[in-house]
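Here's a quick walk through this model, taking the charged contacts to begin with and the metal site after that. Have the structure open as you read.

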Amino acid sequence: MILPIYTYGSAVLRKVAQPIQKDYPKLDELIKNMHETMYHAEGIGLAAPQIGLPIRLLIIDLEPLKEDNPEIGNFNKTMINPTIIEFDDEKVAGEEGCLSIPGIHENVLRAKRIKIKFLDQDFNEHTEVYDDFIARVVQHEYDHLEGNLFTDKVSPIRRQLLKSKITSIIKGKTATSYKIKSA
Ligand code: NI
């Protein structure tokens, strides 16, 4: 089932999401629906707050990038209750977008490398180190669980320039190819 994606201005995007337990109701179905929603919207990552649930769950599938970037194209993860336990001091800039902030793409500084602990869909624990583009995508999705959005991290000057675009997103006046739920 394709779910509406909550856009900038929705209160749920600003909450710190809460950990879940293995008995969370219909978790497999929820994860399946999140994938369907993400693929339909042509995204590569989606966090539960973006579909209105303030829980610590995110999915990433970089398959759409496979053709141009074969080295990252097989990255496909579901992360439950993730915690980034190390951020490298080295920061790199890269362009980001977000299904909750349609039509905006900006450069964001992120740690080049992170170490993250998470549970997979079967609640097995993993600790992984990611670099570069994958580290960026994971940090972006993880930020959603902390109530942060990538536009918070752009320079004040750029943010000023984005103001009117963001206002129209808040008002639900931005056209998208997917179903959205605005504040
Ligand atoms: Ni996002």
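Searching the whole structure turns up eleven salt bridges, a salt bridge being a side-chain nitrogen of Lys or Arg within 4 Å of a carboxyl oxygen of Asp or Glu. Keep in mind that this is a predicted model, where local features need pLDDT of at least 70, side-chain atom pairs count only at pLDDT 80 or more, and totals for chains, interfaces and linings use all residues. Residues are numbered from 1 along each chain as its sequence is written, and side-chain values use heavy atoms, with hydrogens and water left out.

Among the salt bridges are these:

| Glutamate 128 and lysine 77 | 3.8 Å | strands β8 and β4 |

Glutamate 128 is partly exposed at 25%, and lysine 77 is partly exposed at 24%. Lysine 112 comes out at 25%, partly exposed, and aspartate 132 at 39%, also partly exposed. In the last pair, lysine 153 is partly exposed at 38%, while aspartate 143 is buried at 9%. Aspartate 143 and lysine 153 also belong to a salt-bridge network with Glu96, Arg110 and Arg136.

That brings us to helix α2, residues 132-145. Helices (H or I, at least four residues) and strands (E, at least two) are DSSP runs, numbered from the N terminus. Just after α2, glycine 147 has a positive phi of about 80 degrees.

Which protein atoms are the donors of the nickel ion? They are Cys98 (SG), His140 (NE2) and His144 (NE2), at 2.1 to 2.2 Å from the ion. Donors are N, O and S atoms within 2.8 Å of the metal (3.2 Å for Na, K and Ca), and sites may look incomplete, as water is not among the atoms. Along the sequence the spacing reads C-x41-H-x3-H. Cysteine 98 sits in the loop between β5 (91-96) and β6 (106-111) and histidine 140 in helix α2, so this pair ties together parts that are 42 residues apart in sequence. Both cysteine 98 and histidine 140 are buried.

Now for the strands. β7 (residues 113-119) and β8 run antiparallel, joined by seven bridges; two strands pair if DSSP finds at least two bridges between them. They form a hairpin with five residues between them, and in the turn phenylalanine 123 has a positive phi of about 65 degrees. Isoleucine 114 stands opposite tyrosine 130 in β8.

Terms used. Expected span 1.5 Å × (residues − 1). Buried < 20%, exposed > 50% of the residue type's maximum accessible area, 1.4 Å probe, protein only.
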